[in-house]
Amino acid sequence: GRRVVLADGTSVSMPDTPENQREYPQPRQQKAGCGFPIARVVVLICLATGCVLDAAIGASEGKLTGEHALLRGLHGRLRPGDVLVADAYYSSYDEVMTLRRLGVDVVMRQTGNRRSDFRRGTRLGREDHLVEWRRDRNRRPWMGRTEFAALPRVMVMRELRVRVEQPGFRTRSFVVVTTLLDPEAFPRRELAAVYRARWHCELDIRSLKQTLKMDVLRCKTPAMVRKEFWAHLLAANLIRGMMAEAARRHGLLPRQLSFQGARQMIEGFRVELNRA
């Protein structure tokens with residue numbers, strides 16, 4: 001009964017023009033004339049259908065241009081009651097608390113600089129417990145002093161270890177952190193399953209960049225680059241909409257259909273569709 005939203009980031013390149021270089025400069029480690037302008041992208045994707053709910057595009061370097069900053073610009077697209085699923089990069093105290101105050105729950109992977117000791121906290125089951133996260137003493141550059149002071153100093157989080165039994169997976173175990181604290185309403189197997197479903201976001205981004213050729217944009221000015229970017233997302237959502245309608249008619253889930261197969265089918269019937 002909750003909408004699950006996947007969040008992740010990627011990057012796209014574009015023609016090497018002076019206008020694009022000023023707006024989306026190439027990485028500093030590359031010499032001038034030896035690289036291409038790069039834009040950083042963060043997307044919010046609906047787990048149920050694969051549709052892009054919203055996205056943000058910005059420069060790939062510079063102050064306050066990281067994926068955290070782009071995701072914060074998308075907070076208004078989330079609704080109270082949503083469950084945001086993301087990787088370890090986003091599981092900071094400030095980000096989780098900000099989302100929690102918006103009424104959005106999170107399911108994320110534990111960041112590498114925070115260790116989980118299942119001998120401590122309130123035990124909910126085997127390798128499943130409640131712990132207290134404490135606010136960092138240092139204020140983030142993007143957060144105002146008043147906003148930082150208003151953040152609670154302590155937040156209760158749930159941590160559980162997920163073990164991967166399926167052969168062929170590189171990772172054998174990892175820790176999932178979540179604000180869904182009730183073990184009866186949200187069993188650990190469901191939380192493990194919803195985090196594993198985060199991989200759909202990687203596949204959806206791959207479909208955007210490879211199937212729809214969004215990895216290298218073609219326009220020569222920043223304004224046209226942004227229009228081209230949104231046109232790709234519009235095309236993807238139109239295909240996803242057709243997939244969802246086809247799945248509904250045949251009693252399937254939209255995720256059971258192939259994005260590339262749907263694109264090829266639409267392309268094959270393009271003349272007939274134009275005449276309809």
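Good morning, colleagues. Please keep in mind throughout that the model before you is predicted.

I begin with strand β2, which spans residues 38–46. Is this strand buried or exposed? Of its 9 residues, 9 are buried, so β2 is largely enclosed by the rest of the structure. The side chains can be followed in two sets. Ile38, Arg40, Val42, Leu44 and Cys46 point one way from β2, while Ala39, Val41, Val43 and Ile45 point the other way, and all of them are buried.

Let us turn to the partners of β2. Strand β1, residues 4–13, runs antiparallel to β2 and is joined to it by 9 bridges. Within this pairing, Val41 of β2 stands opposite Thr10. Strand β3, residues 52–59, is likewise antiparallel to β2, and 7 bridges join these two strands. Here the bridge partner of Val43 is Ala55 in β3. How many residues lie between β2 and β3 in their hairpin? There are 5, and Gly50, located in the turn, has a positive phi of about 85 degrees.

My second topic is a pair of helices. Helix α6 comprises residues 199–211 and helix α7 residues 222–249; they pack at an angle of about 120 degrees, and their axes are 10 Å apart. On the α6 side, the contact is made by Asp204, Ser207 and Leu208; on the α7 side, by His232, Leu233, Ala236 and Arg240.

Lys213 is found in the loop between α6 and α7. Although Lys213 is not a glycine, its phi is positive, at about 60 degrees. Lys213 is exposed, because its relative accessible area is 51% and the cut-off for exposed is over 50%.

Glu127 lies in the loop between β6 (122–125) and β7 (128–134). Its phi is also positive, near 50 degrees, in a residue other than glycine. Is Glu127 buried or exposed? With a relative accessible area of 18%, Glu127 is buried, since buried means under 20%.

Finally, Gly76 sits in the loop between α2 (67–72) and β4 (83–86). Gly76 counts as exposed, at 76% relative accessibility. Its C-alpha atom is separated by 10.0 Å from that of Asp54, a residue 22 positions away along the chain.

Thank you for your attention.

Technical notes:
Residues are numbered from 1 along each chain as its sequence is written. This is a predicted model: local features need pLDDT of at least 70, side-chain atom pairs count only at pLDDT 80 or more; totals for chains, interfaces and linings use all residues. Side-chain values use heavy atoms; hydrogens and water are left out. Buried means under 20% relative accessible area, exposed over 50%, partly exposed in between (1.4 Å probe, protein chains only). Helices (H or I, at least four residues) and strands (E, at least two) are DSSP runs, numbered from the N terminus. Two strands pair if DSSP finds at least two bridges between them. Axes are lines fitted to C-alpha atoms, for helices over the stretch in contact, and angles run from 0 to 180 degrees between N-to-C directions. Contact means heavy atoms within 4.5 Å.
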